[in-house]
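Trainee: I have a structure to read. Can we go through it feature by feature?
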Amino acid sequence: MSAAPDTSAVDGARARWFSSRRPRSVTELDLYCFAHAGGSAGEFLRWGPGLPGVRLWAVKLPGRAPREAETPYSRIDDLVDDLVAQVDFGQEGSAPREFAFFGHSLGALVAFETARALRRAGLRQPRHLLLSSMQPPPLRLSSRTHLLPDDELLAAVERRWGGLPQVVRDEPELRRIAVRQLRADALLAETHTYVAEDPLDIPVTTFAGDQEDPGQLDWAEHTLRGCTPHVLAGGHFYFRDPGQQDVLLGLMSRAVGRPAPTSA
């Protein structure tokens, strides 16, 4: 009799890259959430009750909580290549599951590039891309934010995305951690080199606050399945308002709940 396959390495990789809370009811789809610059994976796990039938998986990147001790990536292509090589998306035990990606800000860019890396590797694709508050590539960003002194870096971040929590400003250790993570994530964004490929065969839904650049909604050139935009009230972190979070989760639930249209 052959030995049972050793899944410890696979399980270990999933635990290293993903956090999840076991749902209380049956779910039919996995939603992998990619956080914004300086963001914590845990912020999205609280969305679970607002997405019935969906199991949330928060993507944990090196250099961010709870992997602060690890060296962060400096290039998105290295990050997504390792992520795709080390874990199986939409897999629970031996059973394949439908899955989708949600990304906010920098996380939207990482989610998009992860979907393209899966395609290049000949692996299963997400059923849907949900992309929030990020302009489509090729990006038009400063290339020097990550090189700024600490005070100037924080000022640049706040000009673009809004004020940091007061506790971060007041607590030196929290401020030091925030600066380190924001600098690493600015480097990821500013060194991103977009390589043109065929559009993805995946439907895309985009979101942005009404105080943001509306150009962030238009990802149509990157998909063959259509791009559906939604504008919500607020700024870059519109979903931190409880009312707008409910609106967002409702829109997300309807988007991923619809079967992907078939190709012509």
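**Reading the cavity, the helix and the core**

Mentor: Leu61, Pro62, Gly63, Arg64, Pro72, Tyr73, Leu79, Gln181, Ala184, Asp185 and Leu188 line the largest cavity. A cavity is a set of points on a 1 Å grid, over the protein atoms alone, where a 1.4 Å probe fits but cannot get out; lining residues have an atom within 4 Å of a point. This is a predicted model, where local features need pLDDT of at least 70, side-chain atom pairs count only at pLDDT 80 or more, and totals for chains, interfaces and linings use all residues. Residues are numbered from 1 along each chain as its sequence is written, and side-chain values use heavy atoms, leaving out hydrogens and water.

Trainee: What volume does the largest cavity have?

Mentor: Rolling a probe the size of a water molecule over the atoms shows where empty space is left. Here the volume is about 80 Å³, counted as the space filled by probe spheres set on the points, which are joined across faces, edges and corners. Helix α7 (residues 172-190) gives the largest share of the lining, four residues. Helices are DSSP runs of H or I, at least four residues, numbered from the N terminus.

Trainee: Is α4 largely enclosed or open, and why?

Mentor: Buried means under 20% relative accessible area (1.4 Å probe, protein chains only). In α4, 13 of the 15 residues are buried, so the rest of the structure largely encloses this helix. Gly122 follows α4, with a positive phi near 70 degrees.

Trainee: Which residues touch the most other members of the largest nonpolar core?

Mentor: A nonpolar core joins buried Ala, Val, Leu, Ile, Met, Phe, Trp, Tyr and Cys residues through side-chain atoms within 4.5 Å. Among its 43 residues, they are Phe18, Tyr32, Phe89, Phe101 and Leu129. α4 supplies the largest share of this core, nine residues.

Notes: Buried means under 20% relative accessible area, exposed over 50%, partly exposed in between (1.4 Å probe, protein chains only). Helices (H or I, at least four residues) and strands (E, at least two) are DSSP runs, numbered from the N terminus. On a 1 Å grid over the protein atoms alone, a cavity is a set of points where a 1.4 Å probe fits but cannot get out, and a pocket is an open set with protein on both sides within 12 Å along at least five of seven lines; lining residues have an atom within 4 Å of a point.
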